[in-house]
Amino acid sequence: MEGIPHPIPRTVEEVFSDFKGRRSGLIKALTSDVEKFYQQCDPEKENLCLYGLPNENWEVNLPVEEVPPELPEPALGINFARDGMQEKDWLSLVAVHSDSWLLAVAFYFGARFGFGKNERKRLFQMINELPTIFEVVSGNVKQAKEQSGINNNSSKSKSSGKMQPRQPEPQMKAVKMTPLPKEEDESGEEEEEDDEQGATCGACGESYGTDEFWICCDICERWFHGKCVKITPAKAEHIKQYKCPGCSGKRARV
């Protein structure tokens, strides 16, 4: 790909700045410059790619000749599909592939310069705050924001009942809490809290953390990380009685 050389980003902030520049260029190609972009994607030409540049520009060009390339390559041959689809659908398809390419480039830089877990997480969070190119091109940005607002309000209004994984409280979350006998309700409150503080996962053995989703087996009453037993908060909403893998296996053998 020909173009003006750009400094290679080395920090999370620099990678995010590179991401935003390329994203702006791609959005420009698929919205305000769409007629020019459409004309350049002639199906009679060879395999073409849409590149977003860090300086907020874009270009349609052949893939680079060197293998492996310096950066991950965008989707190849977008011009071949142009006349076989309706324009709106074709632009949406290019937008989806462009979103994938942007993430590939950003995390290529992260891997190349040894970003750790926290740096990768911070980079993704910064990227995830922006609407995707597909959302911009398809006009779903406003709808996505409104839905996000509804979800946030809904989670804030919950004070009891089902778990709230986005806003964890000092108590462990579970599908079904095993109630204490009535005679122990008052005297056992402090003891129950101490038990939760020292609880360990029945699968991995790690200690209880307030920022993690946990689930309690209704048979053996052991606690498990949701991720360890492959139970998500959404799936837990529909479980009336949870049985851990160990208890499920015992029942199956009987």
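**Stop 1: confidence**

Colour the protein chain by pLDDT. The average is 78, and 72% of the residues score at least 70. Now select residues 154-194, where the pLDDT is below 50. Beyond near neighbours in sequence, this stretch still has 57 contacts in the model. Where pLDDT is low, predicted coordinates should not be read in detail.

**Stop 2: an aromatic cluster**

The structure holds 6 aromatic pairs. Select Phe37 and Trp58. Is this pair stacked or edge-to-face? The ring centres are 5.9 Å apart and the planes stand at 85 degrees; an angle over 60 counts as edge-to-face, so that is what this pair is. Phe37 belongs to helix α2 (residues 34-40) and Trp58 to strand β2 (residues 58-61), so the pair ties together parts 21 residues apart in sequence. Both Phe37 and Trp58 are buried.

Trp90 lies in helix α3 (residues 87-112) while Phe37 lies in helix α2, so the pair ties together parts that are 53 residues apart in sequence. The relative accessible area is 0% for Phe37, which is therefore buried. For Trp90 the value is 1%, so Trp90 is buried as well.

Phe37, Tyr38, Trp58 and Trp90 form one aromatic cluster. Then show Arg82: its charged end sits over the ring of Tyr38, 4.4 Å from the ring centre.

**Stop 3: a buried arginine**

Go to helix α1 (residues 12-30) and select Arg23. Which side chain of opposite charge is nearest to Arg23? It is Asp99, at 6.1 Å. A salt bridge needs the side-chain nitrogen within 4 Å of a carboxyl oxygen, and Arg23, although buried, has none. Leaving aside neighbours within four places in sequence, Arg23 is in contact with Leu102, Leu130, Pro131, Ile133 and Val136.

**Stop 4: an exposed arginine**

Move to Arg10, in the segment before α1. Is Arg10 buried or exposed? Its relative accessible area is 51%, so Arg10 is exposed. Select Phe109 too: the C-alpha atoms of Arg10 and Phe109 are separated by 7.2 Å, although the two residues are 99 residues apart along the chain. Not counting residues up to four places away in sequence, Arg10 touches Phe113 and Phe115.

**Stop 5: backbone details**

Select Val67 and Pro68. What kind of peptide bond joins Val67 and Pro68? The bond is cis, with omega at about -5 degrees. Pro68 is in the loop between β2 and α3.

Next, select Glu56, in the loop between β1 (49-52) and β2. Glu56 is not a glycine, yet its phi is positive, about 70 degrees. With 42% relative accessibility, Glu56 counts as partly exposed.

End at Glu221, in the loop between β3 (214-216) and β4 (223-225). Glu221 is not a glycine either, and has a positive phi of about 60 degrees. Glu221 is partly exposed, at a relative accessible area of 49%.

Notes: Residues are numbered from 1 along each chain as its sequence is written. This is a predicted model: local features need pLDDT of at least 70, side-chain atom pairs count only at pLDDT 80 or more; totals for chains, interfaces and linings use all residues. Side-chain values use heavy atoms; hydrogens and water are left out. Rings of Phe, Tyr and Trp (its six-membered ring) pair if their centres lie within 6.5 Å; planes under 30 degrees apart count as stacked, over 60 as edge-to-face and the rest as tilted. Helices (H or I, at least four residues) and strands (E, at least two) are DSSP runs, numbered from the N terminus. Buried means under 20% relative accessible area, exposed over 50%, partly exposed in between (1.4 Å probe, protein chains only). A charge sits over a ring if NZ of Lys or CZ of Arg is within 6 Å of the ring centre and within 35 degrees of the ring normal. pLDDT is the predictor's confidence in each residue, from 0 to 100. Contact means heavy atoms within 4.5 Å. Lys and Arg count as positive and Asp and Glu as negative; His and the chain ends are not counted.
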